[in-house]
Each structure stands twice: as structure tokens, then as C-alpha cells.
Amino acid sequence: MEFSAGALLPAEHYLDAGYSSAELIVQTREHHQLALITRLRTDNSVQARTRNGYDRTAFTIDWERRQVTCPQGQRSTSWTPCRQKQQPMIVAAFPLNVCRP
């Protein structure tokens, strides 16, 4: 009887928050079909710290469609991978005419 290396892996791996990143979660799912169960790092944005405006938890992210929906139901019009402080990031932009006060 032969076993492939992937056949011996559990479907889920549990990690502490020190190892988590969106990039690692996505890559592990795509390359190894494994779900990483972990807390994501704390949002240190100005909005989260001051509780003024929307922090990232207020947005819904559709990773497959590469689209973000804001709390008002508006969908992003662009999805741009980039690097900030040597970390991979994604910048999602919304149309100005629907996001202004």
C-alpha cells in the first residue's frame, strides 16, 4: 500500500498568533490544501486605536473575487498587491463618489 505525503497530513493545523499572517494562511490552503486555524495579528491602525472610523474588521473580504465590501455595502474597484515595511499587503480602493461624507 502506498501513501502520498499529503495523505498523512491533518486537514487543519492550529497555530498561536505569533505565526499567523494572511499570506501564510492563503499559501498553505493553495499549496497544501490545509486550513490554518489561528488568530490574526491585532489591527494597529489609527481607526482601530482611536475607534474613529472603520477598522479592517468592519469590511468583508472576498479573497477569491479579490474584492472588499465596506460597511455601507459598497464594493472596492481595485485590488493591488504591494509591500509595506517589507510585508506583503493588499490595497483595496473604493470609488470616491460613493465614499465621501
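**Questions on a predicted model**

Biologist: Is T57 buried or exposed?
Modeller: The cut-offs come first: buried is under 20% relative accessible area, exposed is over 50%, and partly exposed lies in between (1.4 Å probe, protein chains only). T57 has 65% relative accessibility, so T57 counts as exposed.

Biologist: What kind of model is this, and what pLDDT do local features need?
Modeller: Residues are numbered from 1 along each chain as its sequence is written, and side-chain values use heavy atoms, with hydrogens and water left out. The model is predicted; totals for chains, interfaces and linings use all residues, side-chain atom pairs count only at pLDDT 80 or more, and local features need pLDDT of at least 70.

Biologist: Where is T57, and how far is its C-alpha atom from that of P71?
Modeller: T57 lies in the loop between helix 2 (46-50) and strand 3 (60-62). P71 is 14 residues from T57 along the chain, and their C-alpha atoms are separated by 9.6 Å.

Biologist: Which residue pairs with R65 in a salt bridge?
Modeller: Side chains of opposite charge can pair when their charged atoms come close. A salt bridge here is a side-chain nitrogen of Lys or Arg within 4 Å of a carboxyl oxygen of Asp or Glu. A search of the whole structure finds one. Its closest N and O atoms are 3.0 Å apart, and the partner of R65 is D62.

Biologist: Is D62 buried, partly exposed or exposed?
Modeller: R65 is exposed, at 65% relative accessibility. D62 has a relative accessible area of 26%, so D62 is partly exposed.

Biologist: How many disulfides does the structure hold?
Modeller: A disulfide is a covalent bond between the sulfur atoms of two cysteines. The test is a pair of cysteine sulfur atoms within 2.5 Å. C70 is buried at 12% relative accessible area, and C82 is partly exposed at 26%. The number of disulfides is zero.

Biologist: What accessible area does the nonpolar patch with I90 have?
Modeller: Patches take residues with over 30% relative accessible area and no salt bridge; like charges are joined within 9 Å, nonpolar side chains (Val, Leu, Ile, Met, Phe, Trp, Tyr) within 5 Å. I90 is in strand 6 (residues 87-93) and is partly exposed at 38%. Areas come from the Shrake-Rupley method with a 1.4 Å probe; for residues, only the protein chains shown count as cover. V26, I61, W63 and I90 together have about 330 Å².

Biologist: Which residues does T28 contact beyond its neighbours within four places in sequence?
Modeller: T28 is in helix 1 (residues 22-32) and is buried at 10% relative accessibility. Contact means heavy atoms within 4.5 Å. Leaving those neighbours aside, T28 touches Q33, L34 and L36.

Biologist: And which residues does S76 contact, with the neighbours within four places left out?
Modeller: S76 is in the loop between strand 4 (67-69) and strand 5 (78-84). Its relative accessible area is 6%, so S76 is buried. Its contacts are Q67, V68, A92, A93 and F94.

Biologist: What share of the accessible surface belongs to carbon and sulfur atoms?
Modeller: Of the 101 residues, 11% count as buried. The accessible surface of the protein comes to about 8,700 Å², and the carbon and sulfur share is 51%.

Methods
Helices (H or I, at least four residues) and strands (E, at least two) are DSSP runs, numbered from the N terminus.
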